[in-house]
Amino acid sequence: MTAFSSHFPDTDFRLNLQKALLVLITILTGLIPLMVRAQNAPPAKMKIGIIGSGRVGSALGGAWIKAGNEVMFSSQHLDTDKALAAKLGPNAHAGTPREAAAFGTVLLIAVPYTALPGVGKEVGDLIKGKVIIDACNPIVARDGDMAVAAREKGVGLMSLEFLPGARIVRAFNAIQAAKMGEAASNNATVGMPLAGDDSNAINIASTLIRQVGYEPVLVGTLATKGKYLMPGTPLAGEHSADEIRKIASELK
Ligand SMILES: NC(=O)c1ccc[n+]([C@@H]2O[C@H](COP(=O)([O-])OP(=O)(O)OC[C@H]3O[C@@H](n4cnc5c(N)ncnc54)[C@H](OP(=O)(O)O)[C@@H]3O)[C@@H](O)[C@H]2O)c1
């Protein structure tokens, strides 16, 4: 045996070691993206603050509770919210809009559009960086001139102005509230168009959309396609996910 070979393992052993290292590196390289994805995935159970507990807020809140989330309902009438929460079990709570905004890691706002600027001021310091699902629509017959202004500017951008610093996703804008509460139990194959600017917020909203029985379809940003997410546009009403993709691709 030479001096050289006495200090190093034989060739077979070195080759096997190299192969084992290669296999290990391949496995680790494959695992890293999975670990990153898992870290970015929204939790299955969330704390949701709802501002506006009327038809939309109560239907979605009820469905999210059924899916295992914790929800705090709020409006201008705490007693109504307490009564609603009492019917929905221990994962339902009632609070003021500020309490709901602080409670939720994600918020749903579902108030008449005229109320949105006031809500934005009331909870402004609590919503910076927070994910907000904005279901509110500017309806001219109901909301008057400010709805006209919102439609001219584009409702996605207008909501951003009323809720500065929030990570807004527009969704649930043009499907009837009564259907929103039932979709999960209907095994429906209805798509839900959504628009937003922040990928993490879009992921979270998509998880919540799936939980209530819709297939989320990202149609664009708040500026580009957010303006179509309201009643009276080609995206309004019930469509399959494929139909939504096709309609959205034809909208400028
Ligand atoms: N109905 C639908 O099928 C449907 C579908 C999609 C989207 N939308 C849109 O979603 C929004 C809500 O619609 P909705 O049908 O659920 O209306 P809704 O039944 O009239 O409920 C509105 C809720 O907002 C609350 N609210 C009003 N002003 C408020 C304020 N300043 N602060 C906190 N809460 C306030 C109301 O309670 P208090 O008055 O007690 O505060 C009520 O709980 C609207 O913008 C609508 O266009 C509706």
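Helices (H or I, at least four residues) and strands (E, at least two) are DSSP runs, numbered from the N terminus. I keep to those labels below.

**Entry 1. The model.** I note that this is a predicted model, in which local features need pLDDT of at least 70, side-chain atom pairs count only at pLDDT 80 or more, and totals for chains, interfaces and linings use all residues. Residues are numbered from 1 along each chain as its sequence is written.

Entry 2. The shell has 27 residues, and the closest are Gly52, Gly54, Ser75, Gln76 and Asn137. H3 and helix H6 (116–123) are the elements that give two or more residues to the shell. The largest share, three residues, is from H3. I sorted the shell by class: Ala, Val, Leu, Ile, Met, Phe, Trp, Tyr, Cys and Pro count as nonpolar, Asp, Glu, Lys and Arg as charged, and the others, Gly among them, as polar. That gives 14 nonpolar, twelve polar and one charged residues.

**Entry 3. Helix H12.** Which residues of H12 are buried (20 or more other C-beta atoms within 10 Å of its own, C-beta atoms being placed from the backbone; exposed is 12 or fewer, partly exposed in between)? I found Ala201, Ile202, Ile204, Ala205, Ser206, Leu208 and Ile209. Among what covers them are helix H3 (55–66), strand S4 (106–109) and strand S8 (215–220). Just after H12, Gly213 has a positive phi of about 100°.

**Entry 4. The core.** I looked for nonpolar cores, meaning sets of buried Ala, Val, Leu, Ile, Met, Phe, Trp, Tyr and Cys residues joined through C-beta atoms within 7 Å. The largest has 70 residues, and Ile109, Ile133, Leu194 and Ala205 have the most contacts inside it. H12 gives the largest share of this core, six residues. I then checked Leu194 for contacts (C-beta atoms, placed from the backbone, within 7 Å). Leaving out residues up to four places away in sequence, Leu194 touches residues including Val169, Ile202, Ala205, Ile209 and Val217.

**Entry 5. Phe172.** Where does Phe172 lie? I place Phe172 in the loop between S6 and helix H10 (177–180). Its phi is near 60°, a positive value in a residue other than glycine. Phe172 is buried, because 27 other C-beta atoms lie within 10 Å.

Conventions
Two residues are in contact if their C-beta atoms, placed from the backbone, lie within 7 Å. A residue is near a molecule or strand if its C-beta atom, placed from the backbone, lies within 6 Å of it.
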